[in-house]
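Please consider the structure shown below. The paragraphs that follow lead through it one region at a time.

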Amino acid sequence: MRAHTAAWIGAAGAIVSLVGLCFLPAAFGAHGDPAMLGAGGGILSFGLLLVSCAIYARARTLLAAPIDAPSSPAEKLRNCDVCERYAPVIQCRVHLLHLCGDCVAAHYDFHTCAYVPSTRGKQRPRKRATAAGS
Ligand SMILES: [Zn+2]
Ligand SMILES: [Zn+2]
């Protein structure tokens, strides 16, 4: 199931839930009809069921996506500015370079360079979490 399908199911569920909520004033007004409470509750429950199905479908879509390949060329650009092979671990503020662990030794000049931890290349864990949590 595609991600757009899940989003549309979620939107439809939200609309159905809103319709179910619109029944509540008729049930609790001055001349309220108790039958409207059951009908509104049923419609609201069906809408919330659709929303939960959309969340489940979206989660299944995310689990089915490939996790090892870089998803976009922009993600490849997040590597070291010198060798472009590894994720940067440190940034030279003077030369504006994001460097990996191998390249920082060749770049190091204590007279000019000032280092801070690199803000890019923070790789999200690529390992899929298991049900046991290990
Ligand atoms: Zn490098
Ligand atoms: Zn430098």
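Predicted model: local features only at pLDDT ≥ 70, side-chain atom pairs only at ≥ 80, totals over all residues.

In which strand is the place of Gln91? Gln91 belongs to strand E1, which covers residues 90-92; helices (H or I, at least four residues) and strands (E, at least two) are DSSP runs, numbered from the N terminus. Residues are numbered from 1 along each chain as its sequence is written, chains are lettered from A and ligands numbered from 1 in the order in which they are written, and side-chain values use heavy atoms, with hydrogens and water left out.

The confidence of the model is expressed as pLDDT, the predictor's score for each residue, from 0 to 100. The chain has an average pLDDT of 81, and 79% of the residues score at least 70. Confidence is highest in helix H1 (residues 3-22), at a mean of 92, and lowest in helix H4 (residues 73-76), at 55.

Gln91 has a relative accessible area of 13% and is therefore buried; buried means under 20% relative accessible area, exposed over 50%, and partly exposed in between, with a 1.4 Å probe and protein chains only. Leaving aside residues up to four places away in sequence, Gln91 touches Leu97, His98, Ala114, Tyr115, Val116, Pro117 and Ser118, where contact means heavy atoms within 4.5 Å. The C-alpha atoms of Gln91 and Val116 are separated by 5.3 Å, although the two residues are 25 residues apart along the chain. Ser118 follows strand E3 (115-117), in the segment after it. Ser118 is buried because its relative accessible area is 3%, and its contacts, on the same exclusion of residues up to four places away in sequence, are Pro88, Val89, Ile90, Gln91 and His98.

Cys80 (SG), Cys83 (SG), Cys100 (SG) and Cys103 (SG) coordinate the zinc ion (ligand 1) at 2.2 to 2.3 Å; donors are N, O and S atoms within 2.8 Å of the metal (3.2 Å for Na, K and Ca), and water is not among the atoms, so sites may look incomplete. The 4 donor atoms subtend angles of 104 to 115 degrees, so the arrangement around the zinc ion (ligand 1) is tetrahedral, a term that for four donors requires all angles to lie between 85 and 135 degrees. Along the chain, these donors follow the spacing C-x2-C-x16-C-x2-C. Cys80 is buried at 1% relative accessible area, whereas Cys83 is partly exposed at 21%.

The zinc ion (ligand 2) is coordinated at 2.0 to 2.2 Å by Cys92 (SG), His95 (ND1), His107 (NE2) and Cys113 (SG). Its site is tetrahedral, with angles of 104 to 116 degrees among the 4 donor atoms, and the donors follow the spacing C-x2-H-x11-H-x5-C. Cys92 is buried at 0% relative accessible area, while His95 is partly exposed at 38%.

Aromatic rings can also be examined. Rings of Phe, Tyr and Trp (its six-membered ring) pair if their centres lie within 6.5 Å; planes under 30 degrees apart count as stacked, over 60 as edge-to-face and the rest as tilted. The count by this rule is 1 aromatic pair. The rings of Tyr108 and Tyr115 have centres 6.0 Å apart and planes at 20 degrees, so this pair is stacked. Tyr108 is exposed at 52% relative accessibility, and Tyr115 is partly exposed at 24%.

Notes:
Tetrahedral: all angles 85-135°; square planar, octahedral: opposite > 155°, others 65-115°.
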